Amino acid sequence: MVTISSTASAVSESPRQVYDAIIIGAGFSGLYQLHKLRDELGLDVVVLEKGDGIGGTWYWNRYPGARCDSESYYYCYSFNKEIEQAWSWSERYPEHPEIRKYLNFVADRLELKRDIRLGTEVVSASFDDTTNMWSVNTASGQVLSASFLITAVGCLSSTNVPKLPGLENFKGQWYHTGLWPHQGVDLGGKRVGQIGTGSTGIQAAPALAQQAKHLTVFQRTANYSIPARNGPVSADDIKHTRETYDDIWRQARAGTNGHPFSMSTRSALSVPDEERDEIYEKAWERGGLRFRASFSDILQDVKANDTASDFIRQKIKEVVENPAIADMLTPHDHGFATKRPPIDTGYFETFNRENVQLVDLKAEPIVEVTANGIRTTQQEYELDIIVFATGFDALTGALVNLNIAGSGGHKLKDAWSAGPRTYLGLQTPRFPNLFTITGPGSPSVLCNMPIAIEQHVDWITNCIREMRAKGLKRIEAQSESTDKWVDEVNEAADATLLPMASSSWYLGANVPGKPRVFMPYAGGFARYTSICDDVAQDDYRGFSRS
């Protein structure tokens, strides 16, 4: 059986059903887009949110150990000085309740909640070519319309549950980390099985092991991970950050991944082995995502990547006491950071605990879920609870699930059947006046998300502002410009080692049947921003407007 929180009925609503813009989703993207369109442009805007609270992916992700992997001082908005100076983070890497608290703080400060309809699930949307209006249908039977439809559904929000034979016969309980019950799960005295060891699984395993009687981790792919070195944020840290925020944001926007730190300009192959290991050791001790910035070519050159991969492989062997378990945990099928690079708090140390067992699914694949647990090709593992840390149908799943039909009734799921086709990650041909915040074809998940979100929202807002000033009613990405952009996304990816990780969700490899296409733009955030600005300044080159 599955136990998840049910969506409550919508809150009391305004009778108005026709808007200038409808935004789907009330996370980082939706809140900022509402503020920009309503408070800067003076538009009539409504946000439709499936959940019973704001927070986006952080409303749903409440699994044990869930926290951000960007540092708190820059995992936040940069557009409002008052909010920036008033808010204080408590930890270097904020846990999910604190992120929700922050987003509610922002929403209250900007009085956003009055234009957000909670408990309102969008089930379909269609475009009318005669009126240039979008019609949006909700699960409760409401029909709303607007000139512009903006999706703010997040890149990691459509949960991916593997279709394992026999799951319906399991007598215990099963959960997906992305739909964790809000009341929590009592793991005391329970035998827990966790499937998946990506970023989520690496966060969850240490916490599950501490709470459960026994934890069995079913590993599909061994993964690299860097220690987070999480800890409290001091008053001096807060003071310094507030005083230097202008520089922080300037550096973040000028960088490759939207983080306020610079990539080294040196090649990993340009320094002696001993010096290189010292650099890696310092980065390891500092912890976090800066490790991949140790050298300039970790994601461009296989031999350079090998130096980082080998360093981490050695660390795994040093941390994990059982050599056989250490070998199972050591990745050999991909290089460091060619998949999403996790950071952790005691992940590898978890496998030194007496109540933790590791199962290598490459050596013994799952055959079925039984009434009492999971049976592999070698044995049955008795379980009370199964936790799916199997990630998401990333970047495209949440958008396709909205059942969007554009001009002439063309369906988005058909337009993307061979992989997503967008222009700048912002629009898709045959879907006029539909904007996708951090959609496929933009840097999105390769970046610090709030920075990427702000860039997209600002661009969309400026586009709508200019259209209204010129009396334009319709904007649509051209097929030719879209084809060229898809080629550029592929070229940017091929200039790196990222496509070499065949099991990466950047390629959709975690979802059976999903086209294997590298989805985010890997050419760098600063370069991407420059391209978007150039397109806008050149009379929105590549878009048809009327």
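A residue is termed partly exposed when its relative accessible area lies between the buried limit, under 20%, and the exposed limit, over 50%. The legends below describe close-up views of a predicted model.

**View 1. Salt bridge between E84 and K81 within helix α3.** The side chains of E84 and K81 pair at 3.4 Å, N to O.

**View 2. Salt bridge between R313 and D310 within helix α9.** A distance of 2.7 Å, N to O, joins the side chains of R313 and D310. Helix α9 spans residues 302–319 and holds both partners, three residues apart, about one turn of the helix. R313 is buried, its relative accessible area being 14%; D310 is partly exposed, with a value of 44%.

**View 3. Salt bridge between R67 and E91.** The two side chains meet at 3.2 Å, N to O. This pair links distant parts of the chain, 24 residues apart: R67 lies in the loop between α2 (57–60) and α3 (81–86), and E91 in the loop between α3 and α4 (96–109). R67 has a relative accessible area of 18% and so is classed as buried, the limit being under 20%.

**View 4. Network of salt bridges involving R38, D39, E111, R114 and D115.** Salt bridges link these five residues, two of them arginines, in a network. Across the model, the count of salt bridges comes to 40.

Terms used: Residues numbered from 1 in each chain as written. Predicted model: local features only at pLDDT ≥ 70, side-chain atom pairs only at ≥ 80, totals over all residues. Heavy atoms only, no water. Salt bridge = Lys/Arg side-chain N within 4 Å of Asp/Glu carboxyl O. Helix = DSSP H or I, 4+ residues; strand = E, 2+ residues; numbered from the N terminus. Buried < 20%, exposed > 50% of the residue type's maximum accessible area, 1.4 Å probe, protein only.
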